[in-house]
Each structure stands twice: as structure tokens, then as C-alpha cells.
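Student: Please pick one part of this molecule and walk me through it closely. I would like one connected answer, with the cut-offs spelled out as you go.

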Amino acid sequence: MSMAVVGLVAGMALGFAGYFGGFGAFVLVAALGAIGFVAGRFLDGDLEAGDFFRGRERGDRRR
């Protein structure tokens, strides 16, 4: 499935949640969607658990 279709489905789900459930439902669907996205990337192997906890390298320090 292309990313455009995934974006379309996510947008429609957020639209329905906002229309029928109000702002609270919109925020809940958006938060659960973000969690599902990160979990999916993790299960696909695109992310590793250490990516969330690893500190920056010395050369990557922002000032």
C-alpha cells in the first residue's frame, strides 16, 4: 500500500473522529495512530529500541 493511501485513510479516520466524537476523540485517534505508526516501524525493522535511548554522538551536538 502506498504512503498516499495510508495518509488518505489516516486523514479520513481523523476526520470522522473529529466530526462524530468531537475534539477529544480526534486527539485520541491521532495519539493512537502515532503509537501504531511507531510500533509498525519497529516491527518492520526500520527502528531499533536503542534509537529512543541512545544519546547524541559528540559530533552531533547542537548549540
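A close look at the helix

Tutor: Met3 has its place in helix H1, where helices are DSSP runs of H or I with at least four residues, strands are runs of E with at least two, and both are numbered from the N terminus. Before we go on, please note that this is a predicted model, in which local features need pLDDT of at least 70 and side-chain atom pairs count only at pLDDT 80 or more, while totals for chains, interfaces and linings use all residues. Residues are numbered from 1 along each chain as its sequence is written, and side-chain values use heavy atoms, with hydrogens and water left out.

If straight, a helix of 42 residues would span 62 Å at 1.5 Å a residue, yet the end C-alpha atoms of H1 span only 15 Å; the expected span is 1.5 Å times one less than the number of residues. Ala25 also lies in H1, and its C-alpha atom is 8.5 Å from that of Leu14, 11 residues away along the chain. Just after H1, Gly45 has a positive phi of about 95°.

Now for the aromatic rings. Rings of Phe, Tyr and Trp (its six-membered ring) pair if their centres lie within 6.5 Å; planes under 30 degrees apart count as stacked, over 60 as edge-to-face and the rest as tilted. This rule gives 3 aromatic pairs. Phe16 and Phe20 are stacked because their ring centres are 6.0 Å apart and their planes meet at 10°. Both belong to H1 (residues 3-44), 4 residues apart, about one turn of the helix. Phe23 and Phe26 are stacked too, with 6.3 Å centre to centre and 25° between the planes; these two in H1 are 3 residues apart, again about one turn. Ring pairs also join Phe16, Tyr19 and Phe20 into a cluster.

How exposed are these side chains? Buried means under 20% relative accessible area, exposed over 50%, and partly exposed in between (1.4 Å probe, protein chains only). Phe20 is exposed at 63%, as is Phe23 at 65%. Phe26, at 33%, is partly exposed, and so is Ala25, at 23%. Met3 is exposed at 62%. Of the protein's 63 residues, 2% count as buried.

Finally, the surface: the protein exposes about 5,600 Å², and carbon and sulfur atoms supply 65% of it, with accessible areas taken from the Shrake-Rupley method with a 1.4 Å probe, where for residues only the protein chains shown count as cover.
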